[in-house]
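Please read the points below alongside the sequence and the coordinates. They are arranged by topic, from confidence and overall make-up to particular residues.

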Amino acid sequence: MMTILSITAEAKQFLIKMLETKGLPAVELKLEPQGCNGYKYIWQPVALTEAEHTIELDQGYSLILQRPVIPYVLGSEVILEKDNFNKRLILNNPNAAGSCGCGESVNFK
């Protein structure tokens, strides 16, 4: 069975720190129609809710996925991208057909 979503240790720690500052126990990965290429990944801190799939991050924090998102992120890996000034979460997604130049939006196969 294919892993729905894997997360690097660095990305987990980034998400946990974000949740600690928000005072919330979970982050939901959403897809919203946006951008020049179709869809945008949204990382929404939330109070723990019912979810189709839950990934335990650590320290009581979770990443949740609802059923409509799962086929689009199946087999993806969440990594933390860093440069001299910024950090951001990136999905290495085998289901993506393309993304815009700035990497903010994606379309699917």
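**Note on the predicted model**

1. Confidence, given as pLDDT (the predictor's confidence in each residue, from 0 to 100), is lowest in the chain in strand β9 (residues 106-108), at a mean of 71, and highest in α1, at 97. Over the chain the mean pLDDT is 87, with 87% of the residues reaching 70 or more. This is a predicted model, in which local features need pLDDT of at least 70 and side-chain atom pairs count only at pLDDT 80 or more, while totals for chains, interfaces and linings use all residues. Residues are numbered from 1 along each chain as its sequence is written, and side-chain values use heavy atoms, with hydrogens and water left out.

2. The chain contains 2 helices and 9 strands, where helices (H or I, at least four residues) and strands (E, at least two) are DSSP runs numbered from the N terminus. Read from the N terminus, the order of the elements is β-α-β-β-β-β-α-β-β-β-β.

3. Of the 109 residues in the chain, 37% are buried, the terms being buried for under 20% relative accessible area, exposed for over 50% and partly exposed in between (1.4 Å probe, protein chains only).

4. Beyond its neighbours within four places in sequence, Leu5 is in contact (heavy atoms within 4.5 Å) with Leu29, Ile55, Leu63, Leu65, Val73, Ser76, Val78 and Leu91.

5. In helix α1, the buried residues are Ala11, Leu15, Ile16, Met18 and Leu19. They lie on the same side of α1 because they cover an arc of only 160° around the axis, the arc being that of the directions from the helix axis to the C-beta atoms. Ala9, Lys17 and Thr21, on the other side of α1, are exposed. Just after α1, Gly23 adopts a positive phi of about 70°.

6. Which strand holds Tyr39? Tyr39 belongs to strand β3 (residues 39-46), and it counts as partly exposed because its relative accessibility is 32%. Although Tyr39 and Val106 are 67 residues apart in sequence, their C-alpha atoms are 5.2 Å apart in space.
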